[in-house]
Amino acid sequence: MVAIVDDDESVRKALLCTMKAAGLPALAFASAEEYLASAEQDETGCLIADIRMPGMSGLELQARLEAERRQIPILFISAHGDEEMRLQALRAGAVEFLAKPFRNEQLLRAVR
């Protein structure tokens, strides 16, 4: 299952539609805290997370999952990312960092 964590409802809906159109099961969460409270981590094959969100950021979520020894591939998306943030995310183990807006093909290639 692909887990989508983004505070922007329109982004969550668009990503859900993209995943479902590609035949990939997906669930969306409005925050990192909501995702962690869901107990879906064991079912997550790929996590798409925004970097900047109110409350826990995407990077903090990544650190929390790492501390819990959860090996979930993470793909970060951000409208506000810079090269330093991108490198920080990738050094911490992210599989990809896409700047918004991005093409659906880029996203799906990274998810697969």
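**Tyr 35 and the cores**

I looked up Tyr 35 in this predicted model and found that, leaving out residues up to four places away in sequence, it touches Ala 3, Val 5, Phe 29, Glu 40, Gln 41, Thr 44, Leu 47, Leu 61, Leu 65 and Ile 72, a contact being heavy atoms within 4.5 Å. I noted that residues are numbered from 1 along each chain as its sequence is written, and that side-chain values use heavy atoms, without hydrogens and water. Local features need pLDDT of at least 70 and side-chain atom pairs count only at pLDDT 80 or more, whereas totals for chains, interfaces and linings use all residues.

I then turned to the largest nonpolar core, which has 21 residues, with Val 5, Tyr 35, Leu 47, Leu 61, Leu 65 and Phe 76 making the most contacts inside it; such a core is a set of buried Ala, Val, Leu, Ile, Met, Phe, Trp, Tyr and Cys residues joined through side-chain atoms within 4.5 Å. At least two residues of this core come from each of strand 1 (2–5), helix 2 (32–38), strand 3 (46–50), helix 3, strand 4 (74–78) and helix 4 (83–91), where helices (H or I, at least four residues) and strands (E, at least two) are DSSP runs numbered from the N terminus. Apart from it I found another core, of 15 residues, including Val 11, Cys 46, Leu 98 and Leu 108.

**Asp 50**

I placed Asp 50 in strand 3. It counts as buried because its relative accessibility is 7%, the classes being buried under 20% relative accessible area, exposed over 50% and partly exposed in between (1.4 Å probe, protein chains only). Not counting residues up to four places away in sequence, Asp 50 touches Val 5, Asp 6, Asp 7, Gly 58, Phe 76, Ile 77, Ser 78 and Lys 100.

**Thr 18**

I found Thr 18 in helix 1 (residues 9–21), and at 11% relative accessibility Thr 18 is likewise classed as buried. Its side chain reaches the backbone oxygen of Ala 14 at 2.9 Å, and, neighbours within four places in sequence aside, Thr 18 is in contact with Asn 104, Leu 107 and Leu 108.

**Ala 99**

I located Ala 99 in strand 5 (residues 96–99), where Ala 99 is partly exposed because its relative accessible area is 47%. The C-alpha atoms of Ala 99 and Ser 31 are separated by 19 Å, the two residues being 68 residues apart along the chain.

Technical notes:
Polar contact = N/O pair within 3.5 Å; in protein donor to acceptor, adjacent residues only side chain to side chain.
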